[in-house]
Amino acid sequence: MLEIRDLHVKFHSRDREAVAGVSLTIRDGEILGLVGESGSGKSVTAMSVAGLLPRSRCDYSGQILLDGRELLHIPRSELRKIQGREIGVVFQEPQSAMDPLMKIGPQVEEVLDIHEKLPKEERRRLALEALEAVELPDPEAVYGKYPHQLSGGMLQRAMIAAAIVIRPRLLLLDEPTTALDVTIQAQILELLKKLNAGSGVSMLFISHNLSVVRRLCGRVAVMQRGLLVEEGETDTVFHHPRHPYTQRLIAAIPTRERREEAP
Amino acid sequence: MKYAAKKIAAMLLTMVVVSLLTFTAFSLISGDAAEIMLGTQVTPERLAALRSELGLDRPLPARYLSWLLGFFTGDLGMSLQYHQPVRELIAPKVLVTLCLSVLCFLLITAVSIPLGLWSASRSGEALDGARTVVNQLCMAVPSFFTGILLSWGFGIALKWFMPGSFPDLGEDFFGAVKYLFFAAVAIAIPRVAMTVRMLRGTILTEMQKDYVRTAISRGAPRRRVLYRHVLKNSLAPVVTFLAQTMAEIVAAGIVVEQVFVIPGLGRILVASISNRDYLVVQAIVVILAFWVVLANTAADIINQRIDPRLRLGGDA
Ligand SMILES: Nc1ncnc2c1ncn2[C@@H]1O[C@H](COP(=O)(O)OP(=O)(O)O)[C@@H](O)[C@H]1O
Ligand SMILES: [Mg+2]
C-alpha cells in the first residue's frame, strides 16, 4: 500500500544526507518495524511520508507512493487532504505533542473536524468510541480533561485515539513508547497489535530498540546513517542477521531480555 | 473561582502595602504640614493648635488608618495650595486620566494583536527587515514628541479637535473621547511596537513546538494551526505584558496630558509636586498605583482562564 522509492533527504544545514536512498514497502495490514540507532534517519523517513518535511529547508528526491499516488512532490493543499485522513502519526512525546490548552476531546476530534463535515454530536460519539478503543478507562472523563491532567501512558493512548478516530489506512508511530516506562510500553504494544488485528490498519513502527520491534512487527527494516542495511522477516533478521550493524544491535539487547523474548 | 478569589485577596493586600509605603514615605518627606501652612513666623502655641486640629500629633499608624478610611470614604483631606477638599479637586481629573488609559489600552490591544499575528505569518519574507526598522522606529520615538506632532497635525492644522479646549466628559462624551484619542495614539505607538515584537517572537517560538507539528500532521491548514492552537498559546505572555504596559501608559500619560492640554491627573500632579501639596500628590500616587495593581490582577485572572495549568486543584 505504501512504497518508498529511493528516498533522499538532505537538510541545508547539514553536510550529510539524513536519508540517503531508502526504498521500503509497507503491505496492506502489516506492521513494519524500522530500527536503527538515534540519528540514523528513521524519523526523517517517517516525516517524509507524513508530509512533515520542512520543504524549504531541505533537498529531497525519490518517490513516496500511497496506493500508487505520489506524495513527496504534490502541492501542500493536496497533501493536507491526505495528512490525518489517510496517514495518522503518533509521536514520541505525548506531553509535548498535545496542545496544552485544549481538552483531549477536541484534540481527538480535530482530524474529523478538518476532514469530514460531521455534526458535533456525531464527532463526539466517534471520539468517545476511539477513546474506548484505545482502552482508556472512563472515556467521558478523559474527553473533558486537559493533557496535563493525564499520565504519559494515558496521553499516548489518547494520541493514538486521535490518529485512528478517522480510520486512516496507515499509522506512523515514531518511537511511541520510548518515553514511557516498561510496563506501560508493553501495554501500548499490546494495544497496537489489537488495533492492527481489529481494523487492519497498516503501521510503520519506529524504534531504536530491536526487542520492542520483535514483539510487534512481522517484518523489520534496519537503518544506519541514512541507509537501509537490512530488511526481512523479523525472526529471520533476529536469528540470522546478515549485516554486522544488525548483529551489533542484537548484541546490544540485554541477554535476559533476549531469552525472555524467544518464542 | 477559588483562584480569582485568592488573586483578589492578594491584590487587596498589595494595595494596603502600597498605600502604607506611600503614606509613610510622604510623612517622612513632607515635613510638618502645619509649619508649611503657617510659615516660620508663628508662635509655638498656634502651631501646636493647628497640629492637633490636623491630627498631626497622633502616631503614624493611627494617622495612616484614618487616612485609609478617608481614602475609601472619599475624604482625602484639604489641599494646602488650593484650599479645597482634595477629593473635589482630583475627582474629575481621575476620570479623565482613567478614560485616557483605558482608551490607550484598548487601542494597544486592538492594534497589536492583529499586527503581531500578521508580522509573525510574514516572517522570513523579503520585507521582514523593513518591518523591523519601522517597528524599532516606532519604539524609539518618545510619546511626547509624537504627541506634539499629532496635536499640531490633527488639532491645529486639520482642526479635528481643539487643543486646549477639552470638552466636559459628562456633557460631550464623544467629543472628549475624540480629543483623548489622539493623545492615546501618541502613548500607544511605542507600546504597540513593543507588543507586536513580543507577540511575534512568542508566536514564532510556539510555531516550533511539537503540538504544531501534530496539528499539521492531521492536515490542519496554516490558518487553523495559527488561530486554533498557536494564538491561544501565545496569548498568556502577551496578557501579562499588556498589564505591565498599564504602568507605562499611566506614566507616559502624565507627560502627554501636558502636551495635549488635557485636564487629567498629570497637570495637577506636576503642580502639586512643585507646591509641596503632599496630600494631593499622595492621593494621586495611591490611585495610580491601585490602578496598575488592578490591571495586573486582571491579567493574572485572565491568564488563569486561558491556561488550565495555572488553575489550582484541577477544577477543570
Ligand atoms: N529539521 C532538521 N534539520 C536539520 N537536520 C535534521 C533535522 N531533522 C533531522 N535532522 C538530522 O537528520 C539526521 C537523521 O535524523 P532522524 O531521522 O531524526 O534520526 P532518528 O533515526 O533518530 O529518528 C540526524 O543527523 C539529524 O540531526
Ligand atoms: Mg527519531
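**Group meeting: two chains and a ligand**

Let me begin with B:Val18, which counts as partly exposed because its relative accessibility is 21% (buried means under 20% relative accessible area, exposed over 50%, and partly exposed in between, with a 1.4 Å probe and protein chains only). This is a predicted model, in which local features need pLDDT of at least 70 and side-chain atom pairs count only at pLDDT 80 or more, while totals for chains, interfaces and linings use all residues. Residues are numbered from 1 along each chain as its sequence is written, chains are lettered from A and ligands numbered from 1 in the order in which they are written, and side-chain values use heavy atoms, with hydrogens and water left out.

Staying with chain B, B:Val18 belongs to helix α1, residues 2-30 (helices, H or I, have at least four residues and strands, E, at least two; both are DSSP runs numbered from the N terminus). Beyond its neighbours within four places in sequence, B:Ser101 touches B:Met246, B:Ile249, B:Val250 and B:Trp291, where contact means heavy atoms within 4.5 Å.

Now to chain A and its sheets. Strand β4, residues 58-66, is joined to β5 of chain A by 2 bridges, with A:Leu66 opposite A:Arg69. The loop between these two strands contains A:Asp67, whose phi is near 50°, a positive value in a residue other than glycine. Most residues other than glycine have a negative phi. A:Asp67 counts as partly exposed, because its relative accessibility is 44%.

Another open sheet of chain A has 6 strands in the order β6-β7-β8-β3-β9-β10, with mixed pairing. Its edges are β6 (87-90) and β10 (227-233), each with a single partner strand, so one side of each has no neighbour in the sheet. From one strand to the next, the twist averages 15° (axes are lines fitted to C-alpha atoms, for helices over the stretch in contact, and angles run from 0 to 180 degrees between N-to-C directions). Within this sheet, β3 (31-35) and β9 (219-224) of chain A pair in the parallel sense over 4 bridges, and A:Val35 stands opposite A:Val222. Helix α1 of chain A packs on the sheet, touching β3, β6, β7, β8 and β9, with its direction at about 150° to that of β7.

Finally, ligand 1 is surrounded by residues of chain A, among them A:Arg14, A:Glu37, A:Gly41 and A:Lys42, each with a heavy atom within 4 Å. What lies 2.6 Å from an oxygen atom of ligand 1? A polar side-chain atom of A:Ser43 does, while a backbone N or O atom of A:Val44 lies 2.8 Å from a ligand oxygen, and a polar backbone atom of A:Lys42 is 2.9 Å from one; a polar contact is a pair of N or O atoms within 3.5 Å, and within protein one must be able to donate a hydrogen and the other to accept it, with residues adjacent in sequence counting only if both atoms are side-chain atoms.

How values were computed: Pairing = 2+ DSSP bridges.
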